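Me: I'm new to this one. Can we go through it piece by piece?

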Amino acid sequence: MLQRRSAAAIVIRGARQNNLKNLSLELPLNELVVVTGVSGSGKSSLVFDTLYAEGQRRYVETFSPYARQFLDRMDKPQVDAIEGIPPAIAIDQTNPVRTSRSTVGTMTELNDHLKLLFARAGQLFCSGCGRPVRRDSPASVYEQLSARAKAAGDPRLALTFPVTVPKNFKEEEVHSLLKAQGYDRIHARRDDVLEVVQDRLRMSTADKTRVIEGIEAALKIGQGKVNVYPLDAEGDALAPWRYSSDLHCPDCDIHYSEPSPALFSFNSPLGACETCRGFGRVIGIDYGLIVPDESKTLAQGAIRPWQSPSFHDCQDDIEKYAKKRGIPLDIPFRDLNAKQRHWVLEGEPEWVSWRKSWPGIWYGVARFFRWLETKAYKMHVRVLLSRYRAYTPCSVCAGARLKPDALLWRVGTKADADRVLDAGRRFLPQGAKFGEERLSALPARSDAAAYRALARVLREPSPAGAAR
Ligand SMILES: [Zn+2]
Ligand SMILES: [Zn+2]
């Protein structure tokens with residue numbers, strides 16, 4: 001029976017733990033498997049004392065001897081062989097489920113490790129351009145400048161920093177304040193921002209200490225920003241190279257807040273998606289319940305909630321507006337095209353409010369339900385709403401449960417992400433402007449896709465371990 005060596009299964013041979021009688025079986029991976037049996041038949045002996053024990057034992061063995069002393073070690077179970085077993089997690093009946101936000105991750109405390117991992121080892125990617133956001137130091141700016149100048153043929157550079165002219169100040173006043181500190185050259189002015197020249201130099205001949213000191217001073221007065229303009233042969237400035245000492249994308253001019261573990265927790269107001277409050281799904285209306293029979297036409301009453309006497313006015317409305325807009329009333333709902341269905345369900349995009357838009361613009365089923373919700377203090381309305389309500393994935397976080405800002409932090413490599421999620425299924429955090437191509441090049445975000453990266457990082461010997 002068990003000759004076939006399947007890669008997608010756990011193969012157990014000769015299990016004899018506790019009361020098991022030389023049991024051999026194959027369990028498929030990536031499927032929900034239920035083990036049932038009368039009391040005393042050996043369910044726990046198989047699941048906890050054999051399968052989990054062996055998975056945990058082998059997982060612990062992948063760590064360095066130093067790390068192993070901090071982990072619970074389990075005895076080798078009584079079994080001839082187990083093949084194809086991944087690291088295991090056991091949740092038994094004693095783990096209480098406290099809130100509907102609980103997951104395997106929170107119950108096993110794996111989530112706490114993930115939060116820390118993302119806060120400490122995460123890399124932020126800009127929501128504007130998708131490039132890594134780095135914190136520059138005078139030394140790192142110097143390194144980058146050297147490389148860029150070399151690649152650009154060692155042009156003359158104007159090292160500048162921005163100074164905003166305060167509202168109640170005249171530009172001349174700012175000039176004299178700058179002059180008092182030794183700055184008398186202004187490179188350019190954009191609106192109320194002056195670009196003040198710190199230094200002009202060529203990287204090949206400039207003294208390193210002088211350049212680094214210049215960058216340091218510029219970052220200080222420029223409140224963390226330095227713009228370096230390469231100059232052409234005529235002394236005209238080309239597009240600047242921008243650097244920043246805080247979490248800021250100099251190219252898009254977007255500031256980011258410092259990461260804290262709470263930012264990566266859907267149980268914290270800091271991290272939880274504001275739309276679904278960290279649940280990953282929202283209560284919405286279920287269109288399957290609104291149109292339970294798609295073979296009906298609009299005239300025959302395809303929109304079910306409008307067939308009751310209290311909302312028959314809405315049925316009259318849709319018939320009137322459908323005629324005006326050329327939406328067929330006499331073909332089955334399922335034969336309407338996507339645009340026509342959208343019109344029926346979502347209404348017209350010009351809509352502003354009931355006061356301004358009705359009558360004149362078609363409201364649609366969705367706005368009808370939003371209006372109903374304002375009347376939810378009435379018992380019969382609540383009953384009606386509950387009949388058409390269903391949980392739908394949150395449209396803002398798509399079930400990731402975290403704020404868009406948290407989802408811009410990534411851990412691991414693109415290869416790690418590829419192993420768990422194919423490129424077509426990557427999720428673009430809301431508000432991010434970079435395209436599909438950049439998105440698929442990013443490492444994993446802080447949810448299930450990151451567990452693999454976590455396992456890999458944990459296995460690398462820690463510096464503390466190496467020192468001992
Ligand atoms: Zn950017
Ligand atoms: Zn959400």
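Me: What does I186 stand opposite in β7?
Reply: I186 stands opposite V196. This is a predicted model, by the way.

Me: How many bridges pair β6 with β7, and in which sense?
Reply: Four bridges, in the antiparallel sense. Strand β7 covers residues 193-201.

Me: What about the hairpin of β6 and β7: how many residues lie between the strands?
Reply: Two residues. D191, in that hairpin, takes a positive phi near 50 degrees.

Me: In what order do the strands of the open sheet come?
Reply: The order is β6-β7-β5-β8-β9. That makes five strands, with antiparallel pairing.

Me: Which strands stand at the edges?
Reply: β6 (186-190) and β9 (241-244). Each has a single partner strand, so one side of each is left without a neighbour in the sheet.

Me: By how many degrees are neighbouring strands turned against each other?
Reply: On average 25 degrees, direction ignored.

Me: And how many bridges join β8 to β9?
Reply: Four again join them, and the two strands run antiparallel. Within this pair, V226 stands opposite Y243 in β9.

Me: Let's switch to helices. What span should α4 have, and what is found?
Reply: Helix α4 has 12 residues, 110-121. At 1.5 Å a residue they should span 16 Å. The end C-alpha atoms are 16 Å apart, so the two agree.

Me: Which residues of α4 are buried?
Reply: N111, L114, K115, L117 and F118. They cover an arc of only 165 degrees around the axis, which puts them on the same side of α4.

Me: Why would residues a few places apart point the same way?
Reply: An α-helix has 3.6 residues a turn, so residues three or four places apart point the same way.

Me: Now the inside. Which residues of the largest nonpolar core touch the most other members?
Reply: F118, F264, C273, C397, L402, A406 and L407. The core has 22 residues. Both α4 and α14 supply at least two residues each. The largest share, three residues, comes from α4.

Me: What lies apart from this core?
Reply: Another core, of 21 residues. Among them are Y142, F161, Y183 and Y243.

Me: Is R401 buried or exposed?
Reply: Buried. R401 has 25 other C-beta atoms within 10 Å, and 20 or more make a residue buried.

Me: What about N22: buried or exposed?
Reply: Exposed, with 11 other C-beta atoms within 10 Å. N22 also has a positive phi, about 55 degrees, although it is not a glycine. Its loop runs between β1 (9-15) and β2 (23-28).

Me: Which peptide bond is cis?
Reply: The one from W358 to P359, with omega near -5 degrees. P359 is in the loop between α11 (354-357) and α12 (364-373).

Me: Last one. Where is P86?
Reply: In the loop between β3 (81-83) and α3 (104-107). P86 is exposed, with 11 other C-beta atoms within 10 Å.

Me: And how far apart are P86 and R58?
Reply: In sequence, 28 residues. In space, 8.6 Å from C-alpha to C-alpha.

Notes:
Residues are numbered from 1 along each chain as its sequence is written. Chains are lettered from A and ligands numbered from 1 in the order in which they are written. This is a predicted model: local features need pLDDT of at least 70, side-chain atom pairs count only at pLDDT 80 or more; totals for chains, interfaces and linings use all residues. A residue is buried if 20 or more other C-beta atoms lie within 10 Å of its own, exposed if 12 or fewer, and partly exposed in between; C-beta atoms are placed from the backbone. The expected span of a helix is 1.5 Å times one less than its number of residues. The arc is that of the directions from the helix axis to the C-beta atoms. Two strands pair if DSSP finds at least two bridges between them. Axes are lines fitted to C-alpha atoms, for helices over the stretch in contact, and angles run from 0 to 180 degrees between N-to-C directions. A nonpolar core is a set of buried Ala, Val, Leu, Ile, Met, Phe, Trp, Tyr and Cys residues joined through C-beta atoms within 7 Å.
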